[in-house]
Amino acid sequence: MTEEKANKAPTIIDIAREAGVSKSAVSRALLGQGRISEEVRSRILDAAQRLGYVKNAMAQGLVAQRTHTLGVLVRDAVRPFYGQLHAALQGRAIEGGYRVVTATGVRDFALAEERRALQTLLSLRVEGLVVCSGLLPARDIAPFVERVPTVVAGRPEPHPEINSVYCDEEDGAGQLVDHLVSLGHRRVAVLLVPEGLSLTQHARTAAMVSGLRERGVDTVVTELDDGPEAAAEAVPALLEDRGITAIMCPQDDAMVGVLERLRRAGVRVPDDISVTGFDGIGPLTTPLLGLTTLRQPLDEIGRRAIDLLLELRADRSMPTRHIPLRGAVVAGTTTAAPPPVPIRR
């Protein structure tokens, strides 16, 4: 046997030869269709297993015009936010009888790469798309909506033609603001993420700023030009303002960086200053750390996104839906009433 033949994937013709039956009998047995005796079916399946035959789902989909496959774009496979959301999406899809094909990036996944990833998923004849990206703009998603049912999961998407399921960022920011105000904080710093770096984190931090100002709280805004990773670098300048009693971070990873920088500066949390985060997922939710944060309902977002996608697949005439889901404040040990007089720094 030549190396080429040894490496060639077995076909139904090979199975028919191995089992001593016709090619049509093999097709009926593998598809579970048509009349065939159990003895012949068993012989065919045993032969297929011995030869290492794998069904070509794509070829079957071309015949049936169905692939029972959904495509999911995940911006950052490293971040727990996307990991948990992806797990929820996949679990719900499997419950509905669908496979999931995923295109993922890591950290600096460029927008051009995200667009190409969507094109690749479409080339696999997926029956629906779920886009999980805090950066890919609506104008880059809209063209795909015309070709296949599409849902954006995990971020607010106001586009009139793009369906979305997400945590209500403004409501979540408002809950955190109310928590700080109820504790008595009257001068609060917000680490603002620019829209060009993250649509979701910009929305929530902008809502923090507006929420504080609407409640009459003095608000100090520091824009993170390099994204949430630069949050810790903003701490020294904030500590020069002795009136600031709380810092609101765009997400929990950034919050941990801020906490570490405060510790190194000898500032006690929450005795000297309070700190809040956003997301409430993964190992950072442990009571050992006690982060005060906004927990996003990622499992529910994933389930609802798949349910909506399958509804769209069944009825393409459905009106566009935007489904906001409410998060919940986790009041940990990083917030407390402000000190009566500045005692830090």
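**Close-ups of a predicted model**

**View 1. Strand 1 and its partner strand 3.** Strand 1 and strand 3 (residues 129–132) run parallel and are joined by four bridges. Strands count as paired here if DSSP finds at least two bridges between them, and the elements themselves are DSSP runs numbered from the N terminus (helices are H or I, at least four residues; strands are E, at least two). In this pairing, valine 74 sits opposite cysteine 132 of strand 3. A word on the model: it is predicted, so local features need pLDDT of at least 70 and side-chain atom pairs count only at pLDDT 80 or more, while totals for chains, interfaces and linings use all residues. Residues are numbered from 1 along each chain as its sequence is written, and side-chain values use heavy atoms, with hydrogens and water left out.

**View 2. Strand 1 with strand 2, and the way across.** Six bridges pair strand 1 with strand 2 (residues 99–104), again in the parallel sense. To get from strand 1 to strand 2 the chain goes through helix 6 (residues 80–95), and this β-α-β crossover is right-handed (with the strands pointing away from the viewer, the path from the first strand over the helix to the second runs clockwise). Valine 72 faces threonine 102 of strand 2.

**View 3. Both faces of strand 1.** Six of the six residues of strand 1 (residues 69–74) are buried, meaning under 20% relative accessible area with a 1.4 Å probe, protein chains only. Thr69, Gly71 and Leu73 point one way, with Leu70, Val72 and Val74 pointing the other.

**View 4. Cysteines without a bond.** Zero disulfides turn up in a search of the whole structure, a disulfide being a pair of cysteine sulfur atoms within 2.5 Å. Cysteine 132 is in none, and its nearest cysteine sulfur, in cysteine 167, is 14 Å away. Cysteine 132 counts as buried because its relative accessibility is 1%. For cysteine 249 the closest cysteine sulfur is also that of cysteine 167, but at 17 Å, so it is too far for a bond. Cysteine 249 has 0% relative accessibility, so it counts as buried too.

**View 5. The largest cavity.** This space holds about 80 Å³, the volume being that filled by probe spheres set on grid points joined across faces, edges and corners. A cavity is a set of points on a 1 Å grid over the protein atoms alone where a 1.4 Å probe fits but cannot get out, and lining residues have an atom within 4 Å of a point. The lining is Arg79, Pro80, Phe81, Asp252, Asp253, Asp279, Ile281 and Leu284. Helix 6 and helix 12 (252–264) each give two or more residues to it.

Technical notes: Buried means under 20% relative accessible area, exposed over 50%, partly exposed in between (1.4 Å probe, protein chains only). On a 1 Å grid over the protein atoms alone, a cavity is a set of points where a 1.4 Å probe fits but cannot get out, and a pocket is an open set with protein on both sides within 12 Å along at least five of seven lines; lining residues have an atom within 4 Å of a point.
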